[in-house]
Amino acid sequence: MINNIVIVGRLTKNPKIYDKEEKKLATFCVAVTRNYKDKNQKPICDYLFCKAFGKMANHIEKYTNQGSLVGITGQMQSHKYEKEGQTHFVSEILIESIQFMSPQNKAEKDLLIEPFPLEDSQSALKDINVQRNDIYEIV
């Protein structure tokens, strides 16, 4: 099976960074504009949750903020959790590589983070022990 996602969009808010025992997790939402408009000629956006670990999370913390333009490749991951008796379903992109596309300064302009093994990200998520309902919020 193929599970590969490629998006270009802007961060809706500053990334949230979780740090435990020198392992970092970055979560954020990216707004991606569709190629067509609604009946009132307004652009239609999708809001996609993203997650990154380790060195990539460090770079995201350092080089992005609300409105930053990023190019992301990764895999779609879905899960569900219970909160107050209700089942919630979440889909998110597990980032494999990210391109920071907003101009910063010449040294940072073309920074590319290389892919990392997804097995490492799965174990990192278990080690961080973040409550799933704390990661996601309405944008």
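Predicted model: local features only at pLDDT ≥ 70, side-chain atom pairs only at ≥ 80, totals over all residues.

Student: Okay, where is Thr64 found?
Tutor: Thr64 is in the loop between helix H1 (54–63) and strand E5 (69–83).

Student: Is Thr64 buried or exposed?
Tutor: Buried. Its relative accessibility is 8%, and buried means under 20%.

Student: What does the side chain of Thr64 reach?
Tutor: The backbone oxygen of Ile60, at 2.5 Å.

Student: And which residues does Thr64 touch, not counting those up to four places away in sequence?
Tutor: Leu11, Pro15, His59, Val70 and Phe100.

Student: Switching topic. How many aromatic pairs are there?
Tutor: The count comes to one. Tyr63 and Phe100 form that pair. It is tilted, with 5.8 Å centre to centre and 45° between the planes.

Student: Which parts does the pair tie together?
Tutor: Tyr63 lies in helix H1 and Phe100 in strand E6 (residues 86–100), so the pair links parts 37 residues apart in sequence.

Student: Are Tyr63 and Phe100 buried or exposed?
Tutor: Both are buried.

Student: Now strands. In which sense do E1 and E5 pair?
Tutor: Antiparallel, over six bridges. Strand E1 covers residues 5–11. Within this pairing, Val8 stands opposite Gly71 in E5.

Student: What about E1 and E3, how many bridges?
Tutor: Two, again in the antiparallel sense. Strand E3 spans residues 23–37.

Student: Which residue in E3 is the bridge partner of Arg10?
Tutor: Ala31.

How values were computed
Residues numbered from 1 in each chain as written. Heavy atoms only, no water. Helix = DSSP H or I, 4+ residues; strand = E, 2+ residues; numbered from the N terminus. Buried < 20%, exposed > 50% of the residue type's maximum accessible area, 1.4 Å probe, protein only. Polar contact = N/O pair within 3.5 Å; in protein donor to acceptor, adjacent residues only side chain to side chain. Contact = heavy atoms within 4.5 Å. Pairing = 2+ DSSP bridges. Phe/Tyr/Trp six-rings, centres within 6.5 Å; stacked < 30°, edge-to-face > 60°.
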